[in-house]
Amino acid sequence: MKASVIVVAHAGAHHLDDSLESLNSYAESSDVEVVLVDNGSADKCGDAATRRWPSVKSIRSESNLGFAGGVHLGVETSGGDVLVLLNDDAAASKGFVEAHLEALASNPRAAASAGRLVSWDGNRHDFVRGGVTFDCHAFQIGQGFSIDEFEAPAAGDVLPFACGGNMAIRREDWESRGGFDSELFAYFEDVDLGWRLWAVGREVVVAPEAIARHRGAATSAGLGDFRRGVLFGRNALRTFFSCADDECRNAFGTVVLATFLHRIAAFSQGNTE
């Protein structure tokens, strides 16, 4: 399977070098391409990146399409059978792409594979396993625990979703399920896609050796706490009502909406508990 690694950058020129340098080993590969999406960056980071790494295919959007929209633009530009997503503030480990491809090849029912994100020093988990609440808020189980303290899931174990900062998905599954919901802009687009994959009997499996070091929230912090909070609440609500079937909506829709209103009221008053 040929792979396209897609990196979306908006305001991350200062750490983008680490990400692209970690992928440089694939520069001469005929089976792996690296696609950089310059997502409306003020510094036009894609121009500088392609001067330093000529093998990187760069495409620019004049406006910020959000993470979801940026990935879609990268997918449209790419040609791989498997789409591998890596955050612009993350650096891939050796064998990163191969580990994702092996996970998918070993699990025919799997549409996507979930890699692991660790702290920049490699000592602590960032994303190792995800969980979802009844109202579609997602959280990272084991985040912040040391590598030795919290055991990672085994290869082939199933998860509800893969973190969009380190995941792979077969192109045919991406296209058949419509990829990320671009209206989400950022946050929970991976949760939404995971639900839609599972709804048609496709799985998300663990690729534990697809490891990337991550500068936690280095990119997302630029949005600011208020905008991030609004996106969290809105996107969780949209995910539930977009993905739930009639039976699920009838059973939980009222309490999901009430919880959303409670969260928004608390957030507007500066109470995040």
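A residue is called buried when its relative accessible area is under 20%, exposed when over 50% and partly exposed in between (1.4 Å probe, protein chains only), and strands are DSSP runs (E, at least two residues) numbered from the N terminus. The model described here is predicted, so that local features need pLDDT of at least 70 and side-chain atom pairs count only at pLDDT 80 or more, while totals for chains, interfaces and linings use all residues. Residues are numbered from 1 along each chain as its sequence is written, and side-chain values use heavy atoms, with hydrogens and water left out.

**Strand E1**

Strand E1 (residues 3-9) is largely enclosed by the rest of the structure, because seven of its seven residues are buried. In a regular strand the side chains alternate between the two faces of the sheet. In E1 both faces are covered, with Ala3, Val5, Val7 and Ala9 buried on one side and Ser4, Ile6 and Val8 buried on the other.

| E4 (residues 82-86) | parallel | four | valine 5 and valine 84 |

**Valine 118**

Valine 118 lies in strand E6 (residues 110-119) and counts as buried because its relative accessibility is 5%. With neighbours within four places in sequence left aside, its contacts (heavy atoms within 4.5 Å) are Arg124, His125, Asp126, Ile147, Ile211, Ala212, Arg213 and His214. For isoleucine 211, which is 93 residues away along the chain, the C-alpha atom is separated from that of valine 118 by 7.2 Å.

Methods:
Two strands pair if DSSP finds at least two bridges between them.
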